[in-house]
Amino acid sequence: MFSISIKGGLPIYEQLSNRITELISTGIMEKDEKLPAVREVAKELGVNPNTVQKAYQLLEQQGLIYSVPAKGSYVNPDEDGVISLRKRAMTGFLQSARFALGCGIERDALTEAIATI
């Protein structure tokens, strides 16, 4: 379900958090869906359970998931976390686009770059 790159520049917990964020924000993981247990994910990925727990804590801080003691973690049914995430993403995108324009990159080049994604 999740994949990470040991050679990647991002820490493993961030890669995992980003992947789960993507699954939630695109609707692949549905509201109130149970996430795999921390130990299960750790075993599957070959990482320390603390790494997975750190990713889950980050997602909970962002409002994307919630935890039920002794039951596990679930996708938050409240859209506020996803809405907030999308606003942050758009803000970051606009800042990057302004920076690129300020560096002399043409608008058409930015549009072409977006089209390749």
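Helices (H or I, at least four residues) and strands (E, at least two) are DSSP runs, numbered from the N terminus.

1. **Basis.** This is a predicted model, with residues numbered from 1 along each chain as its sequence is written. Local features need pLDDT of at least 70, side-chain atom pairs count only at pLDDT 80 or more, totals for chains, interfaces and linings use all residues, and side-chain values use heavy atoms, with hydrogens and water left out.

2. **Helix H1.** H1 runs over residues 12-25. Its 14 residues reach 20 Å from first C-alpha to last, close to the expected 20 Å. That expected span is 1.5 Å times one less than the number of residues in the helix. Just after H1, Gly27 takes a positive phi of about 85°.

3. **What covers H1.** Gln15, Leu16, Ser17, Ile20, Thr21, Leu23 and Ile24 are the buried residues of H1. Buried means under 20% relative accessible area, exposed over 50%, and partly exposed in between (1.4 Å probe, protein chains only). Their cover includes H2 (38-45), H3 (49-61), E1, E2 and H4. An α-helix has 3.6 residues a turn, so residues three or four places apart point the same way.

4. **Before H1.** Ile6 lies in the segment before H1. Ile6 counts as exposed because its relative accessibility is 65%. Ile6 and Leu45 are 39 residues apart in sequence; their C-alpha atoms are 10.0 Å apart in space.

5. Strands E1 (65-68) and E2 (72-75) pair in the antiparallel sense over four bridges. Pairing requires at least two DSSP bridges between the strands. Ile65 has Val75 in E2 as its bridge partner. Three residues sit between the strands, and Ala70 takes a positive phi near 65° in this hairpin.

6. **Helix H4.** H4 has 23 residues and reaches 33 Å from first C-alpha to last, close to the 33 Å expected. Gly81, Val82, Leu85, Ala97 and Ala100 are buried in H4. The buried residues of H4 pack against H1 and H5, with contact taken as heavy atoms within 4.5 Å.

7. **Nonpolar patch.** Met90, Phe93, Leu94, Ile114 and Ile117 form a nonpolar surface patch with about 530 Å² of accessible area together. Areas come from the Shrake-Rupley method with a 1.4 Å probe; for residues, only the protein chains shown count as cover. H4 gives the most to the patch, three residues. Ile117 sits in the segment after H5 (107-115). Ile117 is exposed because its relative accessible area is 88%.

Terms used. Patches are made of residues with over 30% relative accessible area and no salt bridge: like charges are joined within 9 Å, nonpolar side chains (Val, Leu, Ile, Met, Phe, Trp, Tyr) within 5 Å. A salt bridge is a side-chain nitrogen of Lys or Arg within 4 Å of a carboxyl oxygen of Asp or Glu.
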